[in-house]
Amino acid sequence: MADQLTQLLKGIENIIPQDEFIQALRQGKHFNIKFGADPSAPDLHLGHLVVLRKLRQFQDAGHSVTFIIGDFTARIGDPTGKNETRPAIDPQAVKRHAETYQKQVFRVLDPQKTTVVYNAVWLDALKPVDILQLMAKSTVAQLLERDDFQKRFLAQHPIGLHEFLYPILQGYDSVHLKSQVEMGGSDQTFNMLMGRQLQKALGQTQQFVLTLPLLEGLDGTQKMSKSLGNHVAFNDSAVDQYGKIMSLPDALMERYFLLLTDAAEADVKRWIKEEHPKNLKQRLARTLTGMFYAPAEAEAAETHFETVFSQRETPTDMPAIVLRQVTPLLDLLTLHGEVPSRSEAKRLVQSGAVSLDGEKMTDIQCNITPQTQPQVLKIGKRKFFKLTFD
């Protein structure tokens with residue numbers, strides 16, 4: 001029991017209130033733990049994995065999880081960490097993203113101990129008078145104490161009134177579910193404490209709040225985020241996951257091992273002291289890629305990386321793209337989903353990240369003309385395609 005408790009508490013930054021929660025665990029109490037994510041983008045990433053792994057550890061110890069897909073709150077946009085108002089998200093995009101989240105989360109969580117819910121079910125049902133009553137449980141001064149809002153207010157950056165609703169509605173999720181425990185990244189502390197506040201105001205038992213560290217992205221400085229392009233997504237191919245992790249700054253390897261793997265801190269410190277950084281990074285890349293893919297796929301990703309980057313060779317097993325007519329380069333990049341949008345395709349071309357047979361393609365107006373022999377299309381550092389002509 002002591003070893004299990006140590007494992008459960010490992011890596012948790014803050015517990016509110018701590019003594020009561022630890023005592024309840026020692027007494028063998030099992031909790032249902034709330035965790036939510038807004039489907040503002042189609043992919044979960046390694047930043048989410050920090051919390052999801054901890055949730056899975058609690059599930060393995062007999063606890064259950066309620067995973068909230070914030071299809072309503074995503075329409076507002078979480079102001080956490082933002083210095084400007086988020087743009088509104090197309091409801092259809094939210095719906096598409098939400099459908100992918102349920103599949104992705106079960107790559108980590110135990111489906112038998114997880115309940116998936118959508119907060120639009122109860123938030124869409126709130127009437128204006130209900131929202132006014134919730135807003136009456138908080139004050140403008142209290143909301144302005146939040147670091148994000150305070151910085152924007154002092155910098156005279158606009159704050160939309162709807163943004164003040166975000167923490168209140170996330171807090172109401174806890175009221176609706178009668179949440180016992182809520183877990184999230186440390187940047188969500190204000191929102192989760194709002195849940196405790198609303199529960200108390202409405203006569204419910206207050207939830208415990210557990211916060212975990214934020215994971216820096218591949219740039220080594222900012223929080224991992226799809227919008228910043230510094231993320232490793234659950235749905236990235238094994239080749240992309242492995243390659244991205246190998247691009248991680250050496251200084252972050254210890255943190256990634258401790259937050260994303262089961263490695264003991266003493267072992268990680270010894271590895272860093274004794275092993276060459278490249279070898280250690282390969283160990284990390286194998287471990288993380290192996291969480292999402294079968295051993296053979298993870299091994300193939302490592303072989304691909306060695307071939308392309310260490311030996312600087314072109315891979316032999318490239319997927320083929322068939323070109324039947326003269327095609328604008330931007331259309332070619334987006335037609336089959338190799339690049340998700342024309343804006344991203346334009347950015348890649350203008351930054352010199354696209355090449356054809358080794359020649360950089362920097363003209364966004366360029367057309368690709370069918371040739372008699374196959375050509376190699378390279379997108380970014382890790383994506384290779386054989387361009388054939390019919």
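## Strands around β13

Valine 322 has threonine 388 in β13 as its bridge partner. That bridge belongs to the pairing of β7 (residues 320-323) with β13 (residues 383-389), two strands that run parallel and are joined by four bridges. Strands and helices here are DSSP runs numbered from the N terminus (E, at least two residues, for strands; H or I, at least four, for helices), and two strands pair if DSSP finds at least two bridges between them. On β13 there is also an antiparallel pairing, with β12 (residues 375-379), over five bridges. Within β13, lysine 386 is the bridge partner of valine 376.

A quick note on what you're looking at: this is a predicted model, with local features needing pLDDT of at least 70 and side-chain atom pairs counting only at pLDDT 80 or more, while totals for chains, interfaces and linings use all residues. Residues are numbered from 1 along each chain as its sequence is written, and side-chain values use heavy atoms, with hydrogens and water left out.

## The six-stranded sheet

There's an open sheet of six strands with mixed pairing, in the order β1-β6-β5-β2-β3-β4. β1 (14-16) and β4 (114-118) sit at the edges with a single partner strand each, so one side of each has no neighbour in the sheet. From one strand to the next, the twist averages 20 degrees (axes are lines fitted to C-alpha atoms, and angles run from 0 to 180 degrees between N-to-C directions).

Inside that order, β2 (residues 32-37) and β3 (residues 64-69) pair in the parallel sense over six bridges.

## The nonpolar core

The largest nonpolar core has 61 residues, and those touching the most other members are Phe21, Leu46, Leu55, Phe58, Leu210, Tyr256 and Leu260. Such a core is a set of buried Ala, Val, Leu, Ile, Met, Phe, Trp, Tyr and Cys residues joined through side-chain atoms within 4.5 Å; buried means under 20% relative accessible area, exposed over 50%, partly exposed in between (1.4 Å probe, protein chains only). Helix α3 (residues 46-60) gives the most to this core, seven residues.

Leaving out residues up to four places away in sequence, phenylalanine 21 touches Ile15, Phe31, Phe58, Val181, Phe208 and Leu210 (contact means heavy atoms within 4.5 Å).

Valine 108 sits in the loop between α5 and β4 and counts as buried at 10% relative accessibility. Its contacts, not counting residues up to four places away in sequence, are Leu49, Leu52, Arg53, Arg56 and Phe234.

## Helix α10

Helix α10 (residues 161-177) has 17 residues and reaches 26 Å from first C-alpha to last, close to the 24 Å expected at 1.5 Å a residue. Of those 17 residues, 13 are buried, so α10 is largely enclosed by the rest of the structure. Just after α10, lysine 178 takes a positive phi of about 50 degrees.

Notes:
The expected span of a helix is 1.5 Å times one less than its number of residues.
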